[in-house]
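Me: I would like to learn how to read charged and aromatic contacts in a protein structure. Could you take me through the one shown here?

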Amino acid sequence: MIESLDSIQFHSNQTLKDVMKAFMSSYVQSYGFGLIVDNQKKCVGVITDGDIRRAIVSDRSTKTPIHELMNRKFVYVTADTSPHQMLRLFDNDPPITHLPILDKKGRLVNVLRSSEFRASKGMQTKLIRSRSPVRISFGGGGTDMSMYFNKNPSCVLNITINKFCYTTVSIRADNCIKLISKDFNEELEVASIDQLKYNGSLDLVKACVKLMQPSFGFNLETSSDVEPGTGLGGSAALAVSIIGAFNYFRNEKQLDKYAMADVAYQAERIELNIKGGWQDQYAAVFGGLNFLEFREDETFVNPLRLPDDILLELHYNLLMFRVGGTRESGVIISDQQEAYSFKNKKIQNQYNQQLHVALKMKDMLVKGNLVEFGDLLNEAWNIKKTFSDCISNDYIDEIYKAAIDAGASGGKLLGAGQSGYLLLFCDPKFQSSVISRLKPLGARNETFDFVETGVQTWASEGSSLKTINTEAKPQLDSLISD
C-alpha cells in the first residue's frame with residue numbers, strides 16, 4: 001500500500017512539466033504512474049511513465065495540461081471488490097501492476113501493488129458478528145447500584161434468556177464510519193470517530209465506538225430481538241454485542257469478560273449519564289444463571305450450576321407477559337436514587353431487606369425448593385415497589401393481582417418498572433387460567449428459554465453490509481495500459 005497518496009495525485013490543470021518533475025522522484029518513479037483528480041479530489045484519469053515518454057516523442061509541449069494526456073479509462077477497485085476479482089485483474093494481459101482503491105465518491109483511498117497483494121488477506125474482510133443475551137432478574141435489583149454497594153456489599157440473582165442483541169462489523173477500504181440501526185431504520189456516516197457527536201440518535205452505539213477506538217474504517221449494523229425500555233437489559237446487551245465485535249480485532253490485547261462489562265457500563269452510565277445498575281452488563285457478557293456479588297472494590301460473577309431437573313422445573317413454572325409500552329428506565333432509577341439519597345432510614349432498610357431476599361432466593365434454588373422461591377419473588381416485588389412511586393402503577397397492580405387470584409404464587413415486573421415484561425411463578429396446573437385471565441387486560445404471553453452462553457463473536461463469509469438505501473456499485477473500466 002502507498003503511504004503518501006498526495007505524491008502520486010495531480011490536478012487536471014497541472015502541466016506535463018509538473019508531472020515530469022514529480023516522476024523524477026525515486027518514490028513516484030518506483031510506481032510509474034499518477035492519478036489525475038479534479039477540484040473535489042475525484043479521480044478522473046491516470047498517467048503513466050509510458051504516457052510521458054510518448055508525449056515527449058510526439059514533441060508535445062511541456063506546458064500541455066495533463067488532462068489532455070491522461071487515460072480516462074482505467075481500472076479501479078472499491079471496498080466491495082473481492083480478493084478473487086482483484087486477483088483476476090492482476091492476471092490480465094497486459095498485466096496490471098497497480099490497483100487504485102476508490103471510495104464511493106471516486107476519491108483515492110489507497111493503491112494496491114501486485115507485489116504486495118495476497119489473496120489470503122481477503123479473510124480479513126469477513127464480516128464479524130456478535131450477539132449478547134438479555135436477562136431476567138430474579139432478586140437483588142436496585143442493590144446493584146453504586147449508591148448502595150459502595151457502602152454495603154450486595155448481590156443480584158439473574159439468568160439470561162434466548163432473546164439477543166446483534167452487531168455486525170465489516171472493515172472498509174477507507175477510514176470512514178457508517179452506523180446502521182435496523183431497529184430504528186437509522187443510518188449515519190462520518191469521516192472519523194471524532195465526528196461522532198451525541199445528539200439523541202444512535203448515542204449508545206456512538207459511545208461504544210468511542211470507547212473501543214477501532215483504528216480502521218468500518219460499517220456497523222445493529223439489531224435486537226427486544227424493544228428498548230422493556231426491562232430485559234436490552235441496552236446493556238446491545239452495548240456488549242458492539243464491544244464484543246470490536247474486541248475480535250484486538251488480537252492479543254483482547255479485553256477479558258470483566259473488562260468488557262466495565263466498558264459497557266462506562267458507555268451507558270458514564271458517557272451518556274443514563275442512570276442504572278451494574279447487573280445487566282455482567283449478565284450479557286457472562287450469560288447463564290449467575291449470583292453476582294458487588295463489593296466496595298470488586299465484583300464477582302458466580303455461576304450457579306443447578307441440576308438439570310431443577311433448572312428445567314424452574315423454567316416450567318415461569319410465565320412471561322409483555323405488558324404496557326416502553327419507558328425510560330433512567331428516569332425511574334433517578335427517582336429511586338433521589339429517594340435513597342435523602343437518607344430515609346425506612347427506604348434504606350427496604351434495600352437491605354431486598355438483599356436478604358435475594359440471598360434466600362439463591363439458597364432456595366440451590367436446594368431445589370422452588371415453591372419457596374416463588375413466594376420470595378412475590379416478597380421481592382412488594383419490597384421493590386417501595387423504592388419509588390414510579391416503579392408500579394394502577395395498570396400493573398391490576399394485572400399482578402389478577403395473576404395471583406388466578407393461581408400464580410409470585411412474580412415481578414422486570415427492570416426499572418412501569419411497563420415491559422411481567423415475570424410470574426405459577427404452578428403448571430394454573431398456568432392456562434392465568435394466561436386466560438390476563439389476556440383481556442392486554443398482557444401478551446411470550447415463550448422463552450434459558451441460555452447458558454453470554455456474548456458470542458464469530459466470523460462470517462456474508463456479503464458486505466449494505467446501506468438502508470443501497471447505491472449502485474461503480475463499474476470497473478478498461479485496463480491501465482502502458
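Reply: Let us begin with D308, which is found in helix α10 (residues 308-316); helices (H or I, at least four residues) and strands (E, at least two) are DSSP runs, numbered from the N terminus. This is a predicted model, in which local features need pLDDT of at least 70 and side-chain atom pairs count only at pLDDT 80 or more, while totals for chains, interfaces and linings use all residues. Residues are numbered from 1 along each chain as its sequence is written, and side-chain values use heavy atoms, with hydrogens and water left out.

Me: Is D308 buried or exposed?

Reply: Buried means under 20% relative accessible area, exposed over 50%, and partly exposed in between (1.4 Å probe, protein chains only). D308 counts as exposed because its relative accessibility is 60%.

Me: How many salt bridges does the structure hold?

Reply: Side chains of opposite charge can pair when their charged atoms come close. A salt bridge is a side-chain nitrogen of Lys or Arg within 4 Å of a carboxyl oxygen of Asp or Glu, and the structure holds 19 salt bridges. One of them joins the side chains of R135 and D280 (2.7 Å, N to O). That pair links distant parts of the chain, with R135 in strand β6 (residues 127-139) and D280 in helix α9 (residues 279-286), 145 residues apart. R135 is buried, with a relative accessible area of 5%, and D280 also counts as buried, at 13% relative accessibility.

Me: Which residues does helix α6 bring together, about one turn apart?

Reply: K206 and D203 both lie in helix α6 (residues 203-212), three residues apart, and their side chains meet in a salt bridge (3.7 Å, N to O). K206 is buried at a relative accessible area of 2%, and D203 is buried at 17%. Salt bridges that share partners also join K104, R172, D174, K178, E187 and E189 into one network.

Me: How many aromatic pairs are there?

Reply: Rings of Phe, Tyr and Trp (its six-membered ring) pair if their centres lie within 6.5 Å; planes under 30 degrees apart count as stacked, over 60 as edge-to-face and the rest as tilted. By this rule the count comes to 18 aromatic pairs. Y148 and Y351 form a stacked pair, 5.9 Å centre to centre with 25° between the planes. Y148 lies in helix α5 (residues 146-149) and Y351 in helix α12 (residues 345-367), so the pair ties together parts that are 203 residues apart in sequence. Both Y148 and Y351 are buried.
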